[in-house]
Every structure is written in structure tokens, then in C-alpha cells.
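Morning, everyone. Let me put the model on the screen, and then we will walk through it.

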Amino acid sequence: YATAAAASLPAASSINSGCFASVGFARLIGVVYSDASMSSVCGVRVRQSSTSTPNWDYESNFTLSACSGSGFSIEVVGRYGQIELFTGATCAASILRSYWTLRPV
């Protein structure tokens, strides 16, 4: 499993899970809670690579709603992955929590 949590995430910043191997897994399942509305340039980014990092081949981007949890179920198509929570220049979160796990094939 991978987690990324922050007591707060200032504007124009990010945290990530670090690179993880995803061979032998079919889905990446996760939940994220944010107390602030995030614009289209803020939210969750899931990157996947077929060879090695940091050469990311595929990227999925998601926005978050204020004061609610968002659930994710993403097909694993690469050998490596990374989860990033990020904010843009005008959005910040006071509370940001995240939990992710890989589901085997």
C-alpha cells in the first residue's frame, strides 16, 4: 500500500508516494479527503511507466471536491507507479488525507 498525507498543503506545492513496483497487480484503489475545493490544476495525479522512472508513459489527473472524500479505482497498465497530491498557485488545503492499495491480478 502507499499513503500520502499532510496536515496541510500550501498553494503551489505537492507530496507524492514515491515510485512503487506494480507488476502482478490489476488495479490501484485509493481514497483522498480534502477540506478545500481544488481547481482543475489541483488534485491527484497517478503516473505509470512501462520501463523505469522518471520516464512516465501514462498519467491520470483528477480534481477533488471540498469537504468530501473521493474514491479511485484505476487500472494498472505499467510496471511502476507514483501517486501525487498537488495544489496550484491559487488553491491550498488545510487537511489532506490519502490511502492507496494495489489489488492483485
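Start at Arg47. Setting aside neighbours within four places in sequence, Arg47 is in contact with Trp56, Tyr58, Glu59, Tyr80, Gly81, Gln82 and Glu84. Contact here means heavy atoms within 4.5 Å. A word on the source: this is a predicted model, where local features need pLDDT of at least 70, side-chain atom pairs count only at pLDDT 80 or more, and totals for chains, interfaces and linings use all residues. Residues are numbered from 1 along each chain as its sequence is written, and side-chain values use heavy atoms, with hydrogens and water left out.

Is Arg47 buried or exposed? Buried, because its relative accessible area is 18%. The cut-offs: buried is under 20% relative accessible area, exposed is over 50%, and partly exposed is in between, with a 1.4 Å probe and protein chains only. The Arg47 side chain also makes a polar contact with the side chain of Glu84, at 3.5 Å. A polar contact is a pair of N or O atoms within 3.5 Å; within protein, one must be able to donate a hydrogen and the other to accept it, and residues adjacent in sequence count only if both atoms are side-chain atoms.

Now one of those partners, Gln82. Gln82 is in strand 8. Gln82 counts as buried because its relative accessibility is 11%. Its side chain joins that of Asn16 in a polar contact of 3.5 Å. Not counting residues up to four places away in sequence, Gln82 touches Asn16, Ser17, Gly18, Phe20, Arg45, Val46, Arg47 and Trp56.

Next, the strand that holds Arg47. That is strand 5, residues 43–49. Strands are DSSP runs of E, at least two residues, and helices are runs of H or I, at least four, all numbered from the N terminus. Strand 5 is mostly covered, with seven of its seven residues buried.

Which strands pair with strand 5? Strand 8, residues 80–86, runs antiparallel to strand 5, and seven bridges join them. Ser49 stands opposite Tyr80 in that pairing. Strand 6, residues 58–62, is also antiparallel to strand 5, over five bridges. There, Val44 has Phe62 as its bridge partner. Two strands pair if DSSP finds at least two bridges between them.

Stay with Val44. Outside four places in sequence, its contacts include Val32, Phe62, Phe72, Ile83, Leu85 and Trp100. Val44 also belongs to the largest nonpolar core, which has 15 residues. Leu28, Val32, Val44, Phe72, Leu96 and Trp100 have the most contacts inside this core. Strand 4 (25–34), strand 5, strand 7 (68–75), strand 8 and strand 9 (96–104) each supply at least two of its residues. A nonpolar core is a set of buried Ala, Val, Leu, Ile, Met, Phe, Trp, Tyr and Cys residues joined through side-chain atoms within 4.5 Å.

On to the rings. How many aromatic pairs does a search of the whole structure find? Two. Phe62 and Phe72 make a tilted pair, 4.9 Å centre to centre with 55° between the planes. Phe62 is partly exposed, because its relative accessible area is 27%. Phe72 is buried, at 10%. The rings of Phe72 and Trp100 have centres 5.5 Å apart and planes at 25°, so that pair is stacked. Phe72 in strand 7 and Trp100 in strand 9 are 28 residues apart. Trp100 is buried, at 0% relative accessibility. Together, Phe62, Phe72 and Trp100 form one aromatic cluster. The rule: rings of Phe, Tyr and Trp (its six-membered ring) pair if their centres lie within 6.5 Å; planes under 30 degrees apart count as stacked, over 60 as edge-to-face and the rest as tilted.

Cys91 sits in the loop between strand 8 and strand 9. Cys91 is buried, with a relative accessible area of 7%.

Last, the whole protein. There are zero helices and nine strands. Buried residues make up 39% of the 105 residues. Among contacts between residues at least 6 apart in sequence, 83% join residues at least 24 apart.
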